[in-house]
Amino acid sequence: MNQADTLTMAATPAAKKRGFWQRRLLDPLMGFLAQGVTPRELSRAISLAVLCGLFPFLGATTLLTLGVGFALRLNQPVMLTINYLLSGMQLLMIPVYVQLGAMILGANADNFSVSLMLEALREGSLMDFLRQFGMAGWYAFVAWLLSAPLVIAIVFITVSPLMNRLAVKRAAQGGES
């Protein structure tokens, strides 16, 4: 076997088509592990990014994520990527947080909907919007805040073993090179 055959055989497994999640999430995480970020640090950044990404106020999650990341010296690229990936989930969670907060505070939020909120934001003044949806925002904030420890714990417990496995895989790949 000559050198060209060896290069072709070595390139074949790497030449497989890589999926979206592999390219956009796993490869960057492996890169951070290669740079010396620990699996625990990545798990912590991901957990807090999920919490920030679910913050029930549109347009505020990026600033919250940046602030938490800077304050706690966490990995900003990981946190902002998770924040971006959760934007759809945030919209789905707003009514859940509003209803949960209303229930906790003994209030009624049956007339709340995200579509009404977005329409009021587009068409009315800021003061009209705040009059109509201010309490819903308060309910959502209370529920988000009270659920924060649970969200962080669940995500951290779920993500930590995955980050540890990635670190082991990275170490094995580093040993082969």
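**A. Trp-138, a partly exposed residue with a relative accessible area of 45%.** The model is predicted; local features need pLDDT of at least 70, side-chain atom pairs count only at pLDDT 80 or more, and totals for chains, interfaces and linings use all residues. Residues are numbered from 1 along each chain as its sequence is written, and side-chain values use heavy atoms, with hydrogens and water left out. Buried means under 20% relative accessible area, exposed over 50%, and partly exposed in between (1.4 Å probe, protein chains only). Trp-138 sits in helix α8.

The helical layout of the protein. The protein has 8 helices and 0 strands. Helices (H or I, at least four residues) and strands (E, at least two) are DSSP runs, numbered from the N terminus. Along the sequence the pattern reads α-α-α-α-α-α-α-α. Of the 177 residues in the protein, 34% are buried.

**C. A nonpolar patch on the surface, built from seven named residues: Leu-100, Met-103, Ile-104, Leu-105, Met-135, Trp-138 and Leu-146.** Together these residues have about 720 Å² of accessible area, by the Shrake-Rupley method with a 1.4 Å probe. A patch residue has over 30% relative accessible area and no salt bridge; nonpolar side chains (Val, Leu, Ile, Met, Phe, Trp, Tyr) are joined within 5 Å, like charges within 9 Å. Helices α6 (87–105) and α8 each supply at least two patch residues. The largest share, 4 residues, comes from α6. Trp-138 belongs to helix α8.

**D. The largest nonpolar core, with 40 residues.** Ile-46, Val-50, Val-98 and Phe-112 have the most contacts inside this core. Two or more core residues come from each of α3, α5 (76–85), α6, α7 (114–123) and α8. Helix α8 gives the largest share, 13 residues. A nonpolar core is a set of buried Ala, Val, Leu, Ile, Met, Phe, Trp, Tyr and Cys residues joined through side-chain atoms within 4.5 Å.

**E. Helix α3, residues 39–53.** The 15 residues of α3 reach 21 Å from first C-alpha to last, close to the 21 Å expected at 1.5 Å a residue. The expected span is 1.5 Å times one less than the number of residues. Helix α3 is largely enclosed by the rest of the structure, because 12 of its 15 residues are buried. Among the buried residues are Leu-42, Ile-46, Leu-48, Val-50 and Leu-51.

Leu-80 and its spacing from Ile-46. Leu-80 lies in helix α5. With 30% relative accessibility, Leu-80 counts as partly exposed. The C-alpha atoms of Leu-80 and Ile-46 are separated by 9.4 Å, and the two residues are 34 apart along the chain.

**G. The salt bridge between Asp-128 and Arg-131.** The closest N and O atoms of this pair are 2.7 Å apart. A salt bridge is a side-chain nitrogen of Lys or Arg within 4 Å of a carboxyl oxygen of Asp or Glu. By this rule the count comes to 1 salt bridge. Asp-128 and Arg-131 are 3 residues apart in helix α8, so about one helical turn separates them. Asp-128 is partly exposed at 40% relative accessible area, whereas Arg-131 is exposed at 61%.

Thr-65 and the backbone oxygen of Thr-61. A polar atom of the Thr-65 side chain lies 2.7 Å from that oxygen. A polar contact is a pair of N or O atoms within 3.5 Å; within protein, one must be able to donate a hydrogen and the other to accept it, and residues adjacent in sequence count only if both atoms are side-chain atoms. Thr-65 belongs to helix α4. Its relative accessible area is 0%, so Thr-65 is buried.

**I. Ser-147 and the backbone oxygen of Trp-144.** The side chain of Ser-147 reaches this oxygen at 3.0 Å. Ser-147 is part of helix α8, which covers residues 126–176. At 15% relative accessibility, Ser-147 is buried.

Arg-73, a residue other than glycine with a positive phi. Phi is near 55°. Arg-73 lies in the loop between α4 (61–72) and α5. Arg-73 counts as exposed, at 78% relative accessibility.
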